[in-house]
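Subject: Structure handover

Hello,

Please find the structure below, for your files. My notes on it follow.

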Amino acid sequence: MSGSRRVCQSVTVATEHNVAAERAVEQSNALDRLLREREGLLGTLDRVAALHGTARLIRDSIGVNAGFVAEIDEENRGVIRWIAGNRTNALQNLRVPMGQGVGGRVVALGEPVRVTDYVSSKTITHQFDAQVRGEGLSAMVAVPIISRDGPEAKTIAIAYAAMRETANFGDSAVQTLEGIAEHAATALRLAGVAESTRENAVSAERQRMQSALHDSVGALLFSIGVQVRNLHEDIQDNPALESRLRRLEGDVSAASSALRESLLALSESSPERALPVEIAEHCRSFEARCGVPARFVQLAPVRPLDAERTALLVAAVREGLLNVEKHARAFSVVVSVGPSEDGVQVVVADDGTGKPAEDAPGTGMGLRTLAERAARLGGRVSLVRDEDDGCTLRAWVPEVASS
């Protein structure tokens, strides 16, 4: 009886081991499948990898000698960049204007174009016969890679398949190439989303670094400068120490200027990033840093500006808030933006009782630099003392460059 029990137990253990082994195999296969899917997804998230992979896929799927992909540049030309199966570099970076050759005809017509022998075909132009001969190609077919945004369709690249001998590409080959082109369009769209996400992440990190530098190094330099000025007042009869203090004050001023340039470089303003969003961020940072209420008001919608004008207005707001922080002894600040005189104006107004920022040491240069930058753009910058105390900084730029 006990022997039967042991046999049953052994069978049970063996069965459990088998089940466990089967589960392990299933899990391993599932993991391998997920890793392959992940690898494929990551490939589509990189534009270069996606299009290079498209060139290889064309060659392998249709069974041709060469597959290549051209992207459309700003001048609506196809530029061949990704090639699989090539023997030479004759086609690499070849620019194909609209209407010329097989690819240019695809761009012009927005539909597939095929030839049985490239150099003798009467349906295309022959500006690129030398390059095609150099690569040893003959039969060729190309289809558009189309981006669809709602009802709008736009050719953004060209997919080519080619043979080294005369041949007829049938409808089946064209349909296969069009299917590959559709996948390529999806890959490019995903790559664009991923690239935008990466750019936003980089921009956010630059913003974090900017705030950290301003809050730590900027605050430290300001504190040192205040202590040096206090020592100037306490030491009246020590010329040697006075000279050393002046040199230290000059060093602090130079370090502050360098820091300001670094913060300006890190700000990375762009026309795609709405000006009101940039200004609101600076107001929040100022309020958190100083404890002084900073109210942002958008008086009316403003049109997007180019990078240089956006950067100038953001720099004006930053300079105005910096002057308030250092010199105004203000209880509140109001920052506004709005359209004005066929342009855009920002205003930084405080209710402080301190001396105007333009009279304070180390800050006049910043305002003069802003005024010079604005003048080059046809704009202007001004700082005035208000009748009821407080100062108002205004910066205005035209929406378009002045002639």
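Ala159 is in contact (heavy atoms within 4.5 Å) with Ile58, Phe68, Val141, Ala142, Val143, Ile145 and Leu177, leaving aside its neighbours within four places in sequence. Ala159 belongs to strand β6. Helices (H or I, at least four residues) and strands (E, at least two) are DSSP runs, numbered from the N terminus. Ala159 counts as buried because its relative accessibility is 0%; buried means under 20% relative accessible area, exposed over 50%, and partly exposed in between, with a 1.4 Å probe and protein chains only.

The model is predicted: local features need pLDDT of at least 70, side-chain atom pairs count only at pLDDT 80 or more, and totals for chains, interfaces and linings use all residues. Residues are numbered from 1 along each chain as its sequence is written, and side-chain values use heavy atoms, with hydrogens and water left out.

Confidence comes next. pLDDT is the predictor's confidence in each residue, from 0 to 100. The chain averages 78, and 68% of the residues score at least 70.

As for the chain overall, it has 9 helices and 11 strands. Of its 403 residues, 38% count as buried. Among contacts between residues at least 6 apart in sequence, 62% join residues at least 24 apart.

Now the rings. A search of the whole structure finds 1 aromatic pair. The pair is Phe68 with Tyr160, stacked, at 4.5 Å centre to centre and 20° between the planes. Phe68 lies in strand β1 (residues 66-72) and Tyr160 in strand β6 (residues 152-162), so the pair ties together parts that are 92 residues apart in sequence. Phe68 and Tyr160 are both buried. The criterion is that rings of Phe, Tyr and Trp (its six-membered ring) pair if their centres lie within 6.5 Å; planes under 30 degrees apart count as stacked, over 60 as edge-to-face and the rest as tilted.

Elsewhere, the charged end of Arg380 sits over the ring of Trp396, 4.5 Å from its centre. That label requires NZ of Lys or CZ of Arg within 6 Å of the ring centre and within 35 degrees of the ring normal.

Two helices have notes. In helix α3 (residues 101-109), the buried residues are Gly101, Val102, Gly103, Gly104, Val106 and Val107. Their cover includes β1, β3 (95-96), β4 (113-115), β5 (140-149) and β6. Gly110 follows α3 and has a positive phi, near 70°. Helix α7 (residues 275-290) has 16 residues, so at 1.5 Å a residue it should span 22 Å, and its end C-alpha atoms are 23 Å apart, which agrees. The expected span is 1.5 Å times one less than the number of residues. Buried residues in α7 include Leu275, Pro276, Ile279 and Phe286. Gly291 comes after α7, with a positive phi near 75°.

The remaining notes concern loops. Asp73 is in the loop between β1 and β2 (78-84), and counts as buried because its relative accessibility is 17%. A polar atom of the Asp73 side chain lies 3.0 Å from the backbone nitrogen of Glu75. A polar contact is a pair of N or O atoms within 3.5 Å; within protein, one must be able to donate a hydrogen and the other to accept it, and residues adjacent in sequence count only if both atoms are side-chain atoms. Beyond four places in sequence, Asp73 is in contact with Val79 and Arg95.

Thr88 lies in the loop between β2 and β3, where its side chain has a polar atom 3.1 Å from the backbone nitrogen of Ala90. Asn93 is in the loop between β2 and β3, and has a positive phi of about 65° although it is not a glycine. Asp342, in the loop between β8 (333-340) and β9 (343-350), is not a glycine and yet has a positive phi of about 60°. Asp342 counts as exposed because its relative accessibility is 71%.

Regards
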